[in-house]
Amino acid sequence: MTERFKNHIDGEWVDAISGAVFENRNPSDVNEVIGLFPRSGKEDVEAAVSSARSALSAWKSLTPLERGNIVFEAGRIMTGRKKELAESLSRENGKTVKGALGDVQSGIDMAYFAAGEARRWYGKTTHSGLKKRFAMTKRYPVGVVGIITSWNFPMAITSWKTFPALVCGNTVILKSEENTPETAVRFVRIMEEAGLPKGVLNLIHGFGPEAGEALTLHPDVAMVSFTGSSGVGKIIGKNCAGRLAKTSLELGGKNAVIIMEDADIELAADGVVCGAFSISGQRCTATSRVIAHEAVYGEFVKKLLDKTSKQKIGPGSDDSSDITPLISKKQFDRVMGYVERAKKEGARILTGGERLIGGVYDKGYYIAPTVIDNVSHDMEIAREEVFGPVLVVFKASSYEDAVRIHNLSPYGLSASLFTKDVNRAFLFFDDVDAGVCYINAPTFGSEPHLPFGGVKNSGLGYREAGWAAIEAFSEVKTLYVDYSAKIQNVQFERKD
Ligand code: NAD
């Protein structure tokens, strides 16, 4: 019988109040139903927020150290359960178990990092402009935080947000992504086992316009931390701005690799193939544009096509697959729509551009890795995030031309430069509109102890991860102590 999963509210595992459910299917075999999950609505969100509100006072009165110890314990449990977590993640997400292990590892790293940050939740002290007055800042929780996640890195994204939010003393309502809700269930079970008091972390499953939207509009949710598309980010930004709630939006990308004439072309081609096509390009930091110097353009494209043709495309259940299926039919239709419109606008498909069929391919949605040229910047395929195994290639006449092409994008998440010239490498950091920059590496590969996020349409609010996560999930209070035994006022005119 199909397993029936539940929401987690006030320490209890419960169905949606309406009793409605939705199915979760395996992208590597869409006939396999993994489980039934509550299709939550406004009333479930209401219950979850009420639980988080009630738990807040006791949770924030613990020391950061005590909260950090629970998060540390969660990291320890996750470490012991890596394989099991990766296997279920692979089943619902479609990436290989090997890939899923990386997703889980990123969650573990964040648990230990956030637990460590609990021990250095620093404020600042500084001199006052007045005599016998002490001035300092201290950090406090924001309050009840809503977390809305994406399916592509379900354990990493959930951990990157939830662990720092909890360490900072917030209580949380986690809205799982509808394609990967089981990973969220496993995450919450681990937090329970680690000793998290009831009501501190609540889980609701369901769809964006229903459960998600209700969470963003709830007056008691002081902050919403979101990872997803720029389109939905704009809706959430508007909903939160309308009631002056804090937001952190991690959004899409149209990430580019620039290849200079002095680059190691073999290395660059390996980096581009991996960045563009692994997990079928379903990364916010996937490489979706290459800008190659005209002196090496021909050589690079030849190597790129050769390496692309050698990629093994297969299900997540086969660890030797380089490229795994798309998450859903909806995502498949979306990606093919972009490819078809690009063709109509005059772009040329150098390889791929079609659905793979036969054998294991009939059990999921696979698109052959696609390389497109003959593209101009006013075309949709040059500007919009595809979120599939689709790469567009441009030719540049110089470094300056490559940077100009790079910065035409409305997005600015990650960027990479392949070069052997150290001066160019540092100039690149100054010149490109991107939140994360790499030299001689693919456009992905963020580490949990460093900040992550983008500029332009790729994000708004705060950086995720690293010390920036602690800033995002806490509020600064400025504190003065006057020990002069008289009323001093900094706004009075001073004789200096
Ligand atoms: P999506 O925006 O459609 O959905 C993301 C989440 O938002 C889901 O949980 C969904 O239920 C919820 N949602 C949808 N509509 C909502 C609404 N009106 N109100 C509240 N919540 C709503 O994104 P997707 O297509 O599932 O995920 C892929 C996108 O995520 C890509 O654009 C990708 O670049 C982005 N992403 C960004 C990062 C990052 O850190 N910058 C990381 C991973 C993915």
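This dialogue goes through some features of a predicted model.

Me: Which strands make up the open sheet, and in what order?
Reply: Strands of a sheet pair through backbone hydrogen bonds, either parallel or antiparallel. Strands are DSSP runs of E with at least two residues, helices are runs of H or I with at least four, and both are numbered from the N terminus. Two strands pair if DSSP finds at least two bridges between them. Here an open sheet of 3 strands has the order 1-5-4, with mixed pairing. Strand 1 and strand 4 are at the edges with a single partner strand each, so one side of each has no neighbour in the sheet.

Me: In which sense does each of these strands pair with strand 5?
Reply: Strand 1 (residues 3-4) pairs with strand 5 (residues 29-38) in the parallel sense over 2 bridges. E3 has G35 as its bridge partner, and R4 stands opposite L36. Strand 4 (residues 21-26) runs antiparallel to strand 5, with 6 bridges; N24 stands opposite G35. A hairpin through 2 residues joins strand 4 to strand 5.

Me: Which residues have the most contacts inside the largest nonpolar core?
Reply: A nonpolar core is a set of buried Ala, Val, Leu, Ile, Met, Phe, Trp, Tyr and Cys residues joined through side-chain atoms within 4.5 Å. Buried means under 20% relative accessible area, exposed over 50%, and partly exposed in between (1.4 Å probe, protein chains only). The largest core has 58 residues, and F163, L174 and M191 have the most contacts inside it. Helix 4 (residues 97-117) gives the most to this core, with 9 residues. Apart from it lies another core of 33 residues, V339, A347, A402 and A434 among them.

Me: What does F163 touch?
Reply: Contact means heavy atoms within 4.5 Å. Leaving out residues up to four places away in sequence, F163 touches V71, A74, M78, G107, M110, A111, A114, F187 and M191.

Me: Which residues of helix 7 are buried, and what covers them?
Reply: An α-helix has 3.6 residues a turn, so residues three or four places apart point the same way. In helix 7 (residues 208-217), A211, G212, A214, L215 and T216 are buried. Their cover includes helix 1 (42-61), strand 9 (171-175) and helix 8 (230-241).

Me: Where is S280, and is it buried or exposed?
Reply: S280 is in the loop between helix 9 (265-277) and strand 14 (287-293). S280 is buried, with a relative accessible area of 1%. Its phi is near 55°, a positive value in a residue other than glycine.

Me: What is phi of A465, and where does this residue lie?
Reply: Phi of A465 is near 60°, which is positive in a residue other than glycine. A465 lies in the loop between strand 22 (459-460) and helix 15 (466-472), and A465 is buried, with a relative accessible area of 1%.

Definitions and conventions
Residues numbered from 1 in each chain as written. Predicted model: local features only at pLDDT ≥ 70, side-chain atom pairs only at ≥ 80, totals over all residues. Heavy atoms only, no water.
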